Amino acid sequence: MIKFARSLPAKLILSMFIGIVVGCYVNNIIIMQVVVTIEKLLASFIFFCVPLIVIGFITPSITKLGQNVSKVLEFAFLLAYISSIGAAFMAVFAGFELIPYLSISSSITQTIELPKVVFELNFPPIMNVISALVISVLIGIATRWTKSVTTIKLLEEFHQIILSIVTKVLTPILPFFVGCTFCSLSYEGIITKQLPIFAVIVLIVIIGHFIWLTVLYVFAAIYSKKNPFKILKYYGPAYLTAIGTMSSAATLPIALECARKSEVLDKDMVDFGIPLFSNIHVCGSVLTEVFFVMVVSQIYYGHLPSVGLMGLFCLLLGVFAVGAPGVPGGTVIASLGLITSILGFDSNATVLVLSIFALQDSFGTACNITGDGALTLILTKFIDHFKVNKKLV
């Protein structure tokens, strides 16, 4: 319980509720001016860091893929990407089918005007997100082509630098950003009108997790011709641990222990696949984010994004998910640039996505971890089918 209270999702949820309460009852314009000023400053700084996050996480991920020419490693990355975008497109389909029936309406026309900021200080990003993504892909691929060991080491060091910025700067200020934003939204009257629908949305997403896990394990069973229940029956402790810790890293020892008990999984593949997938396979988080951005678009802008925009968002989100930082909510943090550049969300809409995401982060992590067992079963069959050497070290 103490560990949960200190976690980022707990802090985000607490700051969200504090912001809502303060926004509902504050009548002092000066207080709201301070809140709005802090919100704008933090938003400017966070979005300044987004291109750096893109370059710092996507590029090293591409170079790591090239360091080991093993067919198993490349197939594992492909599996993780396909699972992520598959979950994303399922969420898109569910969003277009379900959201129109959830009685969600935009409240923008009924809001109270926010006071002006006390002062304004902008931090322009060094480049836009699409440019950062293109640079990341080009540098990553070119580094693989040239097999530049020095550049690979530099990119890995840059990755660690950006990760430290995320964990020691961005993560600590996120609760303050969320609190100020929800205070503003509550003051305007936007968030309080839609709060009851959030519980329904979270429930729909959790059901979606179980549907996608069913898809993964059914496909794994068909491909491997093995009984998937001989894996799932051992995964209860790992699922519950993921809910309690909200961390793939913290759940990894339990997930390894559960997977090793299964008689249908190759033990070498368990030791290789489970740790790898715990870092690159985030189907539950991706499914959640896609559905939530559609909901927030309906709440905040009064309409759903177009099919074309959502398709592009899903394909790119799969890439970002593989390189997401290893922190709570890492997938949505890494993809902030996609939310703003592809979908056109402003800071208020973006923080809504962050906050709703925090409400179910533990269930998304549990879906990620449990899905790793299905992918490891596919990987085991892949080795048997292609007679790939199992000695990966």
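Modeller: In what follows, a contact means heavy atoms within 4.5 Å. This is a predicted model, in which local features need pLDDT of at least 70, side-chain atom pairs count only at pLDDT 80 or more, and totals for chains, interfaces and linings use all residues. Residues are numbered from 1 along each chain as its sequence is written, and side-chain values use heavy atoms, with hydrogens and water left out.

Biologist: How many helices and strands does the chain have?

Modeller: Helices (H or I, at least four residues) and strands (E, at least two) are DSSP runs, numbered from the N terminus. On that basis the chain comes to 17 helices and 0 strands.

Biologist: Is Thr376 buried or exposed?

Modeller: Thr376 lies in helix α17, residues 361-386. Buried means under 20% relative accessible area, exposed over 50%, and partly exposed in between (1.4 Å probe, protein chains only). Because its relative accessible area is 0%, Thr376 is buried.

Biologist: Which residues does Thr376 touch, not counting residues up to four places away in sequence?

Modeller: Residues up to four places away in sequence are set aside here. The partners of Thr376 are then Leu265, Met269, Val270, Gly273, Ile274 and Phe277.

Biologist: Is Ile30 buried or exposed?

Modeller: Ile30 belongs to helix α3, residues 29-67. Since its relative accessible area is 58%, Ile30 is exposed.

Biologist: What share of the residues of the chain count as buried?

Modeller: The chain has 393 residues. Thr376, with a relative accessible area of 0%, is one of the buried ones. The buried share of the chain is 56%.
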